[in-house]
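Let's take a walk through this structure together. Have a look at it first, and then we'll go through two spots in turn.

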Amino acid sequence: MTLPIAPWLAVLIAASVFAVMFSLGLLLGREQIAAARRRGGVLAMVFFAVVVPVPLLAVLLVTFAEIRGVVAAGILLMAISPGAPIAIRRAIDAGGEPAFAPALHLVIVALAVVTVPVSLAVLSTVFQKDFAISPLDVGRQVFFAQLLPLGLGATLRALRPAMAAGLAGPLARTTNLALIPLVAILVVVLWPLLAEVGWVPAAAGAALTLCALAVGAACAARDAAARPVAAVAAAMRNPGLALLIATVNEMPLGVVAAVLAYTLGLLVVVSAFVLWHGRCAR
């Protein structure tokens with residue numbers, strides 16, 4: 001199964017994600033390690049929220065709403081695929097502490113190598129289906145899409161801090177602006193697929209994202225600086241990882257459409273949260 005988009009668009013998507021993660025790597029330094037140590041309890045609670053309550057809510061939704069087929073598969077794959085590449089930037093834009101956001105994201109994406117195969121095994125048992133993916137496949141996707149550009153950015157910061165500081169702001173603004181037309185192009189190109197699966201996966205993505213934002217914010221308790229970071233980290237899902245699982249398991253093309261529709265619902269809700277919380281913070 002391959003995504004029905006032109007090669008130039010696939011390259012543009014990969015380059016955009018790489019640039020986003022590289023710009024965030026420019027923020028990584030010793031203070032991120034210190035921030036993770038100071039908020040170890042919050043970090044552990046948010047990680048639990050990402051891998052347990054959110055997938056559980058998705059299982060309950062598809063079960064009690066009687067959602068079936070490719071739509072159910074797309075919803076479930078998104079629910080178990082944590083650590084979206086733009087999660088850190090969204091968390092910072094919402095007013096979260098810049099030091100804590102990268103540390104939390106790194107923990108989530110690094111441990112996805114373990115949590116995603118385990119989650120698939122649980123789903124296989126619950127729904128009596130044969131879903132599987134190796135930790136190596138997950139690790140490869142996480143490494144090249146996120147950890148490698150993050151590491152390059154962090155290395156530049158360590159070796160040339162002045163250069164990294166000068167690049168961080170302009171690059172962050174450029175990548176943020178570039179994502180808007182990119183999403184619009186994807187919607188236009190993939191509209192036939194999205195129309196085929198209907199509104200259910202987008203609505204499910206929006207509803208589950210709202211629940212995840214509430215769960216993540218609750219994990220931060222009274223820590224106001226960590227609250228938006230925790231909320232966004234719990235809500236954001238990784239469509240690239242979900243599509244990788246669908247490809248490895250040779251799922252129908254409709255699953256791709258359901259994953260993308262879920263992503264649109266998620267982005268609408270998270271963007272609204274970021275705007276609202278950012279205004280409140282200012």
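**A pocket and a helix pair**

Start with α5, which gives the second largest pocket the largest share of its lining, 5 residues. Keep in mind as you look around that this is a predicted model. Two helices, α4 (53-64) and α5 (69-79), each supply at least two residues of that lining.

How big is the second largest pocket in volume? Its volume is about 330 Å³. Of the 15 residues lining this pocket, Gly69, Ala72, Ala73, Lys129 and Phe131 are the closest to its centre. Sort the lining by class and you get 11 nonpolar residues, along with 2 polar and 2 charged ones.

Now move over to another pair of helices. Helix α3 covers residues 40-51 and helix α7 covers residues 100-127; their axes come within 10 Å and cross at roughly 45 degrees. That angle is why α3 counts as oblique to α7. As for handedness, the crossing where α3 passes α7 is right-handed.

Which residues do the meeting here? On the α3 side, look for Val42, Leu43, Val46, Phe47, Val50 and Val51. Facing them from α7 are Phe100, Ala103, Leu104, Val107, Ile108, Leu111 and Thr115. By class, the contact of α3 with α7 is made up of 12 nonpolar residues and 1 polar residue, with no charged ones.

How values were computed. Residues are numbered from 1 along each chain as its sequence is written. This is a predicted model: local features need pLDDT of at least 70, side-chain atom pairs count only at pLDDT 80 or more; totals for chains, interfaces and linings use all residues. Side-chain values use heavy atoms; hydrogens and water are left out. On a 1 Å grid over the protein atoms alone, a cavity is a set of points where a 1.4 Å probe fits but cannot get out, and a pocket is an open set with protein on both sides within 12 Å along at least five of seven lines; lining residues have an atom within 4 Å of a point. Grid points are joined across faces, edges and corners, and a volume is the space filled by probe spheres set on the points. Helices (H or I, at least four residues) and strands (E, at least two) are DSSP runs, numbered from the N terminus. Ala, Val, Leu, Ile, Met, Phe, Trp, Tyr, Cys and Pro count as nonpolar, Asp, Glu, Lys and Arg as charged, and the others, Gly among them, as polar. Axes are lines fitted to C-alpha atoms, for helices over the stretch in contact, and angles run from 0 to 180 degrees between N-to-C directions. Angles under 35 degrees count as roughly parallel, over 145 as roughly antiparallel, 65 to 115 as roughly perpendicular and the rest as oblique. A crossing is left-handed if the near helix is turned anticlockwise from the far one by less than a right angle, and right-handed if clockwise. Contact means heavy atoms within 4.5 Å.
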